[in-house]
Amino acid sequence: MDMSLRQRLVVIGNGMAGMRTVEELLKRAPGLWRITVFGAEPRPNYNRILLSPLLAGEKTFDDIIINDWDWYRDNNIHLVTGDPVVAIDRDRRTVTTAGGVTTGYDVLLIATGSNPIVLPLPGKDLDGVIAFRDVSDVETMTAAAAKGGHAVVIGGGLLGLEAAYGLVQKGMGVTVVHLIDRLMERQLDHAAAALLRTDLEGRGIQFRLSANTKAIHGAERVTSVELADGEMLPADLVVMTVGIRPNAELARSAGLTVERGIVVDDTMQTSDPAIFAVGECVQHRGVCYGLVAPLWDMARAIADQLVGKEAAYTGSLLATRLKVTGVDLFSAGRIDGGEGSDAITLADPSRGRYRKLVLEGDRLVGAVLYGDAADADWYLDLIKDGRDIASMRDMMVFGEAIAAGGVTSPSASAAALPDTAEICGCNGVCKGDILRAIAEQNLTSFDDVKGYTKAASGCGGCAPKVQQIVASALGASAVVPTEKPICKCTHHSHDAVRKAIVEQDLQTIPDVMQALDWRTPDGCASCRPALNFYLLVAWPGVYQDDPQSRFINERAHANIQKDGTFSVVPRMWGGVTNSTELRAIADVVDRYEIPAVKVTGGQRIDLFGVKKEDLPKVWSDLNAAGMVSGHAYGKALRTVKTCVGSEWCRFGTQDSTSMGIALEQMTWGSWHPHKVKLAVSGCPRNCAEATIKDFGVVAVDSGWELHIGGNGGIHVRATDFLCKVDTDAEVLEYCAAFLQLYREQARYLERTAPWVERVGLASIKAQVVDDATGRAALAGRFRYSQRFFQIDPWAEAAKGHQAHEFRSLVPAE
């Protein structure tokens with residue numbers, strides 16, 4: 001088609017609503033319109049509802065991009081960023097940007113979103129007072145958090161709590177000030193809100209409810225927040241999250257009908273038939289929407305009309321999920337009921353679980369789920385469809401499987417959903433979208449579906465449902481990643497080999513190779529270390545470690561350097577040392593002419609340039625001062641980093657140093673699929689960086705928060721919240737159980753971070769948190785194995801064990 005003959009569509013706003021409309025239009029009629037997009041931000045289209053995980057460090061900006069730069073080019077879309085439209089000339093049908101660029105249109109789509117409400121408080125314009133609406137706000141908050149200190153979040157709604165959680169994860173102390181007597185009052189009743197408050201307080205967030213903010217204080221930058229009752233809260237950062245207001249000023253200045261938002265009819269047309277509006281800037285049937293789900297329905301209605309189809313948008317039912325890791329919360333419909341309504345509740349406060357269903361007659365009109373939201377989609381469908389629930393009313397609070405008569409499998413439940421059922425709220429993907437994509441694009445796996453439809457690529461909460469739909473359409477194998485063989489020596493995978501070792505009672509490497517038909521008689525450098533580790537874990541005290549199946553660093557009990565010398569790192573329990581140890585290190589450095597000494601990031605001292613033949617003598621001298629191997633060279637427990645905690649720090653809430661020492665004394669010497677690092681922070685400021693460790697412990701006033709699966713390497717990954725415990729003994733038990741589960745289930749050379757992502761946090765929680773008997777058994781197996789592993793290899797080498805490893809290959813002069 002001649003480009004000059006195509007009609008011109010101009011979109012004001014490069015956000016989720018405008019670009020979703022463009023996406024829907026391209027699906028229906030690619031090439032029909034000549035599209036120009038104006039965006040105020042200097043970025044491609046990204047998922048704003050994932051700003052909270054971005055702030056918390058759980059996602060990167062690349063992770064939340066919806067349409068990258070290439071997408072615009074590939075679809076012949078002219079994108080203008082960083083130059084917002086400031087005027088609309090309806091008579092000439094043109095728009096003009098702040099930079100003076102004028103562009104004509106045949107149809108205009110306004111998608112200007114909303115602006116945050118800023119309370120008219122004294123001090124609101126001080127440096128450090130911000131909103132939480134875009135990536136720039138996240139960057140500002142992250143920079144502030146890097147300096148530590150305290151943040152005050154004004155507003156205890158959905159966005160405020162997500163901001164508070166993200167800032168706590170970044171190490172700030174956080175207080176949330178909320179005008180109402182309960183959190184998220186629009187979505188939660190008092191019972192659910194109380195559970196949420198308890199949960200979040202356990203994560204280090206403080207609250208002031210029924211509190212009114214009087215003023216923000218500071219000279220040039222904020223220093224404190226004053227409440228109406230006179231309380232002064234210290235503040236290095238203030239985040240206002242008290243609501244949003246439709247960004248309708250551009251439409252108002254163009255003479256369009258504007259009330260609270262840009263008024264549109266059911267066709268999403270404004271008072272000018274050539275101008276549509278979509279998203280948070282609009283007012284439809286008197287309602288302004290502040291959540292993402294309505295945007296998808298609006299976008300589909302507009303796209304249909306732009307290709308000549310009749311369509312109408314009649315409104316949306318709102319549902320809410322809180323994007324705080326470890327908090328399972330869902331709310332939909334009319335949760336407070338009204339005259340003539342009934343409420344069915346199910347509460348288990350000790351386990352933090354609560355359900356409330358609101359009914360009018362035999363129809364479900366509202367639902368609140370806390371602690372277990374597995375049935376959220378089912379309840380949402382019942383509310384949307386207005387289905388008669390009389391036959392299952394007595395049992396429906398227990399969930400779909402019981403109320404609906406027992407569904408035989410999750411995939412059967414997914415198969416029963418209508419094609420119109422929304423599966424992914426983050427990206428507005430319905431079941432029918434998934435099935436059509438599978439059929440039309442020849443998709444063959446869950447990963448294919450995720451990549452093409454974007455379902456499950458947002459917060460990830462819908463991944464199980466997407467997998468069920470894929471399984472029902474393609475079979476269970478479509479959602480199971482294909483596991484590769486350990487190496488070329490065998491066709492067996494890591495998991496298959498581990499299973500065979502236990503089930504077939506294989507207790508040596510030759511036994512494994514013979515039973516599993518290894519293709520090479522002695523294996524290789526990939527499979528032998530893996531088999532050696534799997535046998536150590538399966539048969540502690542029975543299988544004898546095979547040094548020749550280990551890499552050089554583990555054979556030499558030191559890290560080889562580029563010049564052929566080695567580095568030696570003695571263990572310092574919890575990063576604590578004393579004059580005796582330091583004097584012994586200094587003597588060793590002088591005696592053996594060790595050229596470099598460096599403090600490590602793990603709160604230890606590293607001796608560089610040790611000759612191989614000197615290693616046993618160095619170790620013997622360090623042993624004499626009570627020091628053992630730090631295992632800095634091994635796939636083993638490396639360090640337990642601590643801060644000084646309540647013993648010395650005025651912010652400390654628990655004795656983190658003693659806790660760290662206890663953890664290290666329990667876990668040292670343990671072998672793992674990969675290196676393992678622990679940390680204990682004495683307060684939510686997190687000075688020990690516990691939330692990027694394999695197992696992190698963060699002290700709070702009421703006990704300890706436990707975190708898992710962090711990684712601070714090339715690909716930084718923040719931990720997942722496992723649970724909160726009250727006592728030191730519980731910390732030790734949960735840690736032992738988690739590490740043993742990792743040892744028994746992870747693949748050799750797989751860090752905890754990718755392992756947690758592969759098996760899922762829910763699976764780990766089920767085995768370590770929910771199953772007390774199983775947790776005790778895991779911890780027991782770990783402690784039993786430590787009876788055989790807590791033998792200092794330096795002391796053994798100093799006695800002459802494996803002496804051939806430490807002979808110099810260079811003849812003496």
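**Close-up views of a predicted model**

**View A. An open sheet of 5 strands in the predicted model.** The strand order is S34-S35-S36-S37-S38, and the pairing is mixed. Strand S34 (637-642) and strand S38 (720-725) form the edges, each pairing on one side only. From one strand to the next, the twist averages 15°.

**View B. Helix H22 on the sheet.** Helix H22 (residues 656-667) packs on the sheet and touches S34, S35, strand S36 (695-700) and strand S37 (703-708). The direction of H22 makes about 170° with that of S34. Angles over 145 degrees count as roughly antiparallel.

**View C. The pairing of S34 with S35.** Strands of a sheet pair through backbone hydrogen bonds, in either a parallel or an antiparallel sense. S34 and strand S35 (residues 676-681) are paired in the parallel sense, over 4 bridges. Opposite Thr-642 stands Val-680 in S35.

**View D. The packing of helices H13 and H14.** Helix H13 (residues 431-441) packs with helix H14 (residues 446-453) at an angle of about 105°, and their axes are 10 Å apart. Angles of 65 to 115 degrees count as roughly perpendicular, and H13 and H14 are therefore roughly perpendicular to each other. On the H13 side, the contact is made by Asp-433, Ile-434, Ala-437, Ile-438 and Gln-441; H14 contributes Val-449, Tyr-452 and Thr-453. The residues of this contact between H13 and H14 divide into 5 nonpolar, 2 polar and 1 charged.

Terms used. Residues numbered from 1 in each chain as written. Predicted model: local features only at pLDDT ≥ 70, side-chain atom pairs only at ≥ 80, totals over all residues. Heavy atoms only, no water. Axes fitted to C-alpha atoms, helices over the stretch in contact; angles between N-to-C directions. Helix = DSSP H or I, 4+ residues; strand = E, 2+ residues; numbered from the N terminus. Parallel < 35°, antiparallel > 145°, perpendicular 65-115°, else oblique. Contact = heavy atoms within 4.5 Å. Nonpolar A, V, L, I, M, F, W, Y, C, P; charged D, E, K, R; others polar. Pairing = 2+ DSSP bridges.
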